[in-house]
Amino acid sequence: MPSWPNSNETSDTDDDEYMDEYSSMQMEYFQTPDTVIDPSLSGLVVESDRRCILHRQRPGRFVAFEGTDTGRRFIGCATTDGVNCGVLEWVDAPWPVILQRCLTKLWDMYHEENLGRVQDKEAHEIEAEKLKKELDSLANQYSQLVDDVSKLFDYQDGNKSHDMDYTSQAINELKEKKHQLDEKAKIEVQMEKLKLKKEQRCILQSQADIIQNTRKAMKEIQVERDLLKEEKKKLEHIISKLLKAGHGCKEKLDKIKEVVMEE
């Protein structure tokens, strides 16, 4: 498993050694490939004091995403503005030939597909421009048709102004009648509501009167019953005295007493 170079594997930071290294590097190192973001392999190299050739800055860790180098890790210049120093060192060795052929085939397919999309886009733009011209032509024809129809209506309005006035007057009269009917209906509804409320109040008052009269009648009945009880007691007392005194027929007094007891 390849590892990132450490301070023991890199040269000193002396300017002469950097220039020697710069002159001895292959030109392919300066051709920075496209990269892909890999959170597990990012950031600057801090394990060594190595610097890039042109900017003398710490290099960064990257993963290539271009051609046969796709997926290879490398250390390269981290500068994004101006001239980039390119690849300083490949961490991974070149892929096997078979894998490189597969990657080349995949990238060729990608570029063909991308080229097809570009051609489709161009054809679409041409067709869209053609449709735009047709739409503009239709819009002009429509505007002309609207003008002609407007002129025709203006001519007819001049001949039918009297009919239009009569129609407008009839419509206004109908609106007025409708408004009157609506107002009348509202008044009738309100009167009906008031009538119902009045009837409800009368019913409630009648119920209250009935309850009050019933209670009053019950009290009067109770008073009469109490009076009858008093009279009954007095009569029983008189009959008892008569029986004791021996007056009258005993059998008749007993019958009268039985009648009084039943009541």
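Modeller: pLDDT is the predictor's confidence in each residue, from 0 to 100. This is a predicted model, in which local features need pLDDT of at least 70 and side-chain atom pairs 80 or more, while totals for chains, interfaces and linings use all residues. Residues are numbered from 1 along each chain as its sequence is written, and side-chain values use heavy atoms, without hydrogens and water.

Biologist: Where is confidence lowest and where is it highest in the protein chain?

Modeller: Helices (H or I, at least four residues) and strands (E, at least two) are DSSP runs, numbered from the N terminus. Helix α1 (residues 15-24) is lowest, with a mean of 44, and β1 is highest, at 87. Over residues 1-15 pLDDT is below 50, and this stretch has 30 contacts (heavy atoms within 4.5 Å) beyond near neighbours in sequence. Residues 17-29 also stay under 50, with 23 contacts beyond four places in sequence. For the protein chain, the mean is 77, and 78% of residues reach 70 or more.

Biologist: Which strands does β2 join, and how many bridges are there?

Modeller: Strands pair if DSSP finds at least two bridges between them. Strand β2 (residues 73-76) runs antiparallel to β1 (residues 60-63), with four bridges, and antiparallel to β3 (residues 87-90), with three. Gly60 stands opposite Gly76, and Phe74 opposite Trp90.

Biologist: Are the faces of β2 buried or exposed?

Modeller: Buried means under 20% relative accessible area, exposed over 50%, partly exposed in between (1.4 Å probe, protein chains only). Arg73 and Ile75 on one side, and Phe74 and Gly76 on the other, are all buried.

Biologist: Why does Phe153 count as partly exposed?

Modeller: Phe153, in helix α2 (residues 97-159), counts as partly exposed because its relative accessibility is 48%.
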